[in-house]
Amino acid sequence: MKIMLNGKEEFIEAGMTLDVFINLKGYNPEHIIIVYNSEIVSRESLAGFKMKDNDKIDLVKFVGGG
Amino acid sequence: MKDVFKIGGREINSRLLLGTGKFSSNKLIPEVVETAGSQVVTIALRRVDPAYEEENIAAYVPGNCILMPNTSGARNAGEAVRIARLARAAGCGDWVKIEVITDNRYLLPDNYETVKATEILASEGFVVLPYMSPDLMVAKKLVEAGAAAVMPLGSPIGSNRGLRTKELIRILIDEIPLPIIVDAGLGRPSEAAEAMEMGAAAVLVNTAIATASDPVAMARAFRLAVEAGRLAYLAGPGETQEFARASSPLTGFLRD
């Protein structure tokens, strides 16, 4: 199925859960903020969170800024 | 009398607000914040870059500070509002610096979109500090929109060119009933002192400290300059004169 990750198309296995996806991408959920269809997903709910076709995921974090 | 500085009803113990961008190492940040004495510290929100693993900047800011996310990267009010909401949902608190920019050469803010974003976020309970090009009418609209302070630029972001907009900022200080915080462009402690002497409530400094050869020492220099400038403002500087005025009596000279 197709999802949008940080504004870019990605094709992934249907029904994948967010925890598996984040792990596949090599990120530690402790260090990033996961925004799924404009809502923040808590770390605790990642495991049971099934992704759907055409969903949008933004992985963001706080960086230095003035 | 105690010199109290308040933003959004909260007493703030330092008139030097600090940005966290451009430091050669994030490890410098805790000592810089402590040396600067800053209580309000800005950070930004970005998508992660798969090419390199950047640390979470918030972990380097001492826990007693107010983390103020900026909305940098926003090109309009809608994007600024989204970033602010995300930052708050991610645990950043209610403070936000509005920054809406489409001009990539001078990074000058879009005042119109900034007013719109301020209105929306203030109505949602944010403590909104909008970064703006100094303009009296826009500043008045920001007051009406519910801003907690107004942050005019001294010169373009990161330029270290100082207080080039001085006369326009002076008008804001005279006319606007909110704290005026000079944000962007201050490159030397003397420029921060100048802003404070003329009555700015505070300054926000990032590049000048982060890109100094010794950021910790520069943080101390800015802290002292901000304190000196504030003291001078409260002390009420004497009037300037076009011609010399002798400091000693013009009588009783020892001459024939």
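**Chat on a predicted two-chain model**

Q: What is the relative accessible area of B:Arg47 here?
A: In this predicted model, B:Arg47 has a relative accessible area of 45%, so the residue counts as partly exposed.

Q: With which residue does B:Arg47 form a salt bridge, and how far apart are the closest N and O atoms?
A: The partner is A:Asp58, and the closest N and O atoms are 2.7 Å apart. A:Asp58 has a relative accessibility of 11% and therefore counts as buried.

Q: Which residues are linked with B:Arg47 in a network of salt bridges?
A: The network joins B:Arg47 to A:Asp58 and B:Arg82.

Q: How many salt bridges are there between chain B and chain A?
A: The count between the two chains is 2. On the side of chain B that touches chain A, the elements giving two or more residues are β4 (40–47) and α2.

Q: And how much area do chain B and chain A bury between them?
A: They bury about 2000 Å², with 58% of that area on carbon and sulfur atoms. Chain B contributes 28 residues to the contact and chain A contributes 18 residues. There are also 12 residue pairs in polar contact between the chains, both residues being at pLDDT 80 or more.

Q: Moving to α2(B): how does its span compare with that of a straight helix?
A: Helix α2 of chain B covers residues 77–92, and its end C-alpha atoms are only 20 Å apart, whereas a straight helix of 16 residues would span 22 Å.

Q: What is found at the start of α2(B), and what comes just after the helix?
A: At the start, a side-chain oxygen of B:Asn76 comes to within 3.2 Å of the backbone nitrogen of B:Gly78. Just after the helix, B:Gly93 has a positive phi of about 85 degrees.

Q: Which residues of α2(B) are buried?
A: The buried set consists of B:Ala77, B:Ala80, B:Val81, B:Ile83, B:Ala84, B:Leu86, B:Ala87 and B:Cys92.

Q: Where does UniProt place the feature "active site"?
A: The UniProt record, an unreviewed entry, places this feature at B:Lys97. B:Lys97 is found in strand β6 (residues 95–98) of chain B.

Q: Is B:Lys97 buried or exposed?
A: B:Lys97 counts as buried because its relative accessibility is 3%, and the cut-off for buried is under 20%.

Q: What does the side chain of B:Lys97 reach at 3.2 Å?
A: That side chain reaches the backbone oxygen of A:Gly66, at 3.2 Å. Leaving out residues up to four places away in sequence, the residues that B:Lys97 touches include A:Gly66, B:Met68, B:Asn70, B:Tyr131, B:Met151 and B:Asp183.

Q: Where is B:Thr20, and is it buried or exposed?
A: B:Thr20 is in the loop between β3 (16–19) and α1 (29–36) of chain B. Its relative accessible area is 2%, so B:Thr20 is buried. The side chain of B:Thr20 reaches the backbone oxygen of B:Thr42 at 2.7 Å. Setting aside neighbours within four places in sequence, B:Thr20 is in contact with residues of both chains, among them A:Val63, A:Gly64, A:Gly65, B:Ile43 and B:Asn206.

Q: Back to charges: how many salt bridges are counted over all chains?
A: The total is 17. One of the pairs is A:Lys25 with A:Glu10, at 2.9 Å from N to O. A:Lys25 lies in helix α1 (residues 18–25) of chain A and A:Glu10 in strand β2 (residues 8–11) of chain A, so this pair ties together parts that are 15 residues apart in sequence.

Q: Which salt bridge does B:Lys116 form?
A: B:Lys116 pairs with B:Glu113, the closest N and O atoms being 3.3 Å apart. The two are separated by about one helical turn, because they are 3 residues apart in helix α3 (residues 111–123) of chain B. B:Lys116 is partly exposed, with a relative accessible area of 34%, while B:Glu113 counts as buried at 13%.

Q: What is the phi of A:Asn54 and of B:Asn160?
A: A:Asn54 has a positive phi of about 70 degrees although it is not a glycine. Phi of B:Asn160 is near 55 degrees, again a positive value in a residue other than glycine. A:Asn54 is in the loop between β4 (39–40) and β5 (56–64) of chain A, and B:Asn160 is in the loop between β8 (151–152) and α5 (166–175) of chain B.

Notes:
Residues are numbered from 1 along each chain as its sequence is written. Chains are lettered from A and ligands numbered from 1 in the order in which they are written. Side-chain values use heavy atoms; hydrogens and water are left out. Helices (H or I, at least four residues) and strands (E, at least two) are DSSP runs, numbered from the N terminus. The expected span of a helix is 1.5 Å times one less than its number of residues. Buried means under 20% relative accessible area, exposed over 50%, partly exposed in between (1.4 Å probe, protein chains only). A polar contact is a pair of N or O atoms within 3.5 Å; within protein, one must be able to donate a hydrogen and the other to accept it, and residues adjacent in sequence count only if both atoms are side-chain atoms. UniProt positions are given in the numbering used here, feature names are shortened, and annotations may be inferred rather than shown by experiment. Contact means heavy atoms within 4.5 Å. Buried area is the accessible area (1.4 Å probe) that two parts lose on being put together, summed over both. A salt bridge is a side-chain nitrogen of Lys or Arg within 4 Å of a carboxyl oxygen of Asp or Glu.
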